Amino acid sequence: MSEIKQTFNSSLGKKLIMALTGLFLCTFIIVHLGGNLFLFKDDQGYGFNVYANFLTHFPPIEVVAYLLYASILVHALYGLVLTLKNRKARPVAYAVQTKSPASWSSKNMGLLGAILFFFIVVHMGDFWYKYKFTHSVGYKEYRTNVLTNQTTVTDFVPADPTFEHSSTTVNDVEIVRVKDIHTLVSTSFHNIWYLILYVIAMGTLAFHLLHGFQSAFQTLGWTHRKYTPVVRFIGTWFFAIIIPAGFALMPIVYYFFK
Amino acid sequence: MNLTLKVWRQKDANSTGKMVTYKAENISPDMSFLEMLDVVNESLTLKGDEPIYFDHDCREGICGMCSLYINGRPHGPKRAITTCQLHMRSFHDGETITIEPWRAASFPVIKDLTVDRSAFDRIQQAGGYVSVNTGGVPDANIIPIPKVIADEAFNSATCIGCGACVAACKNASAMLFVSAKVSQLGMLPQGQPERWSRVQSMVAQMDEEGFGSCTNTGACEAECPKEITLTNISRMNNDFFSAKLFREEKVHDHSGGGE
C-alpha cells in the first residue's frame with residue numbers, strides 16, 4: 001500500500017493523475033456537447049428536457065456523474081498542489097522575462113484551469129443544483145398525437161412539488177410531463193452577462209485543451225512517431241476548436257436568434 | 001563593440017545579491033561571450049574590484065560547465081550552442097545584455113553567476129550506471145544493436161548536464177536531463193538489468209532534490225544546447241509507470257548510504 005502511495009505522491013505520479021482525470025473530462029465534454037445539441041432543435045425544449053431527465057434518472061449515468069465530479073475536484077486540487085510545488089522550485093525569479101519559445105497555453109494552464117473551475121462552479125450552481133436539489137424549476141407537459149405527430153405544449157403544475165417525470169399514453173396521445181430545464185437555460189442565455197461568461201469560459205477551454213489533450217499523452221508516455229501527429233490533430237481541431245465553438249454557439253444562438 | 005552589461009553579483013550563498021551595471025568597451029564581434037567577460041574581468045581586476053565569477057572549462061561546448069541566463073534565455077539567443085560557443089556578433093553595438101545565474105531552488109548560487117549543480121550528480125549516482133562483469137575481455141560489438149536504437153541512445157547520451165533545461169523551464173524541472181540519462185542506458189541491451197530500478201531511483205532522487213514537475217511546455221527542448229528531445233521525457237514516463245505499476249521491481253533501498 002505504501003508503495004502505491006509513493007507512486008502517486010511522486011512528481012510523475014501526480015502528473016499521471018492529472019493526465020488520467022484530464023482525459024476522462026475530455027471524454028465527458030464530448031457527451032455533454034452531443035446531448036446539448038438538443039438545444040438547437042426547434043421542439044419547444046422537448047428533446048432537451050427529456051434528455052436532462054434521462055441523465056438524472058438513469059442509474060449508470062448517475063454513478064459516472066459522481067465519478068466525474070470527483071475527477072473535476074481531483075484535477076483541480078492536484079493542479080493547485082503541482083502549481084504551488086512548481087513555484088517553490090524557483091524561489092528567486094529571473095529579472096528578464098523568459099524568451100524561451102513555449103506556447104502561451106502551456107505556460108498558463110493553472111490560470112486557465114482556475115477560470116474554468118470558477119465557471120464550472122457557477123454553471124453547476126445554476127443548472128445542476130437547481131434541477132436536482134430545489135423545486136425552483138418549472139414543468140412542461142408535452143402532448144403528442146402519435147398518429148399525426150402533432151405536439152402541443154403547456155405549462156404543468158404538479159400537486160406534489162417532488163414530482164419528477166411521467167410518461168403516459170391516452171387514446172393515441174402520448175403525454176410527457178417533465179421538469180423544464182430548457183426554459184431556465186433559455187432565460188439564462190438571454191442574459192448578456194451569461195453570454196459573456198460562457199463565451200469567455202469556452203475560449204479558456206479552447207486554450208486549456210489545446211495544450212492539455214496532447215500533453216496528457218506525453219505525460220502517460222504515449223508518444224509515437226506515427227500516432228502523436230494524430231493526437232495533436234484531434235487535440236487542436238476537435239478539442240480546442242470544434243467542441244468549445246459548439247458550446248459557445250449555444251448562448252450566442254439563444255441570445256441573438258431565439 | 002560597446003555594450004552595457006547588467007550582471008547578477010552575489011558575494012556568497014548566504015548573501016542577497018543584486019544586479020550591477022558594467023560597461024564592456026572595445027569588444028571584438030569575433031570574441032566568444034566568455035572572452036568578452038574575461039575582458040570585463042580584466043578591467044575590473046585592474047581597478048581592484050572583485051571579478052565576475054562564472055563557470056567555464058573546455059570552452060568548446062562539450063563539458064557542460066558554462067551556464068549563464070542571457071537576456072531571458074539559457075546560453076543566450078542562439079539555438080543548440082553553449083554560452084562558450086556564443087559569439088559577440090550575435091549582439092548589436094550598444095546593446096544592453098542582462099546576465100543572470102540559473103534560477104532554481106535545487107541550484108543554489110555559490111557566487112555571482114556560479115550555481116551548485118551537484119543535484120545532477122546525485123541523480124546520476126542514484127541510478128545512472130550499468131553493471132559490467134569482470135573476466136576476460138569480450139569481443140567488440142558482440143551484442144547486436146539496431147542502428148536506429150544505437151543512434152537514439154547516442155542522441156540522449158549527448159546531454160552534457162549543463163542545466164539549461166532546468167533554467168529554461170518555468171517549473172525549474174529537471175525532467176529533460178533525467179530522462180536523457182535514463183534513456184541513454186535504458187534503450188541499450190547493456191542497460192536492461194537495471195532498467196526498471198534505475199528509472200525509479202533517478203526519479204526519486206530528482207523529486208528529493210526539489211525540482212519542479214513537467215508541464216510539457218517544451219522550453220527545455222528548445223534551449224538544450226545538445227537538442228535533447230521531449231521524446232526522452234515521454235519514454236522515461238512510460239518506463240516509470242511501467243516499473244511502478246506493472247513490474248515487481250522495487251527501488252534500490254539506498255537509505256543506508258548515510259543521507
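**Stop 1: two domains in chain A**

The C-alpha centres of domain 1 of chain A and domain 2 of chain A lie 33 Å apart. To see them, colour 2-91 + 104-133 + 181-257 of chain A as domain 1, and 138-179 as domain 2; such bounds come from an automatic or database domain assignment. Before going on, know that this is a predicted model, where local features need pLDDT of at least 70, side-chain atom pairs count only at pLDDT 80 or more, and totals for chains, interfaces and linings use all residues. Residues are numbered from 1 along each chain as its sequence is written, while chains are lettered from A and ligands numbered from 1 in the order in which they are written.

Where the domains meet, 10 residues of domain 1 of chain A are in contact (C-beta atoms, placed from the backbone, within 7 Å) with nine residues of domain 2 of chain A. On the domain 1 side, select α3 (46-57) and α7 (181-189) of chain A, the elements that each give two or more residues. α3(A) gives the most, with five residues. (Helices here are DSSP runs of H or I, at least four residues, numbered from the N terminus.)

**Stop 2: where the chains touch**

Now show both chains: 34 residues from chain A and 39 residues from chain B make up the contact. On chain A's side, α2 (11-36), α4 (59-88), α5 (104-107) and α8 (192-220) each give two or more residues. The largest share, five residues, comes from α2(A).

**Stop 3: around Val166(B)**

Finally, zoom in on Val166(B). Leaving aside neighbours within four places in sequence, its contacts include Trp102(B), Phe107(B), Phe177(B) and Phe211(B).

Terms used:
Contact = placed C-beta atoms within 7 Å.
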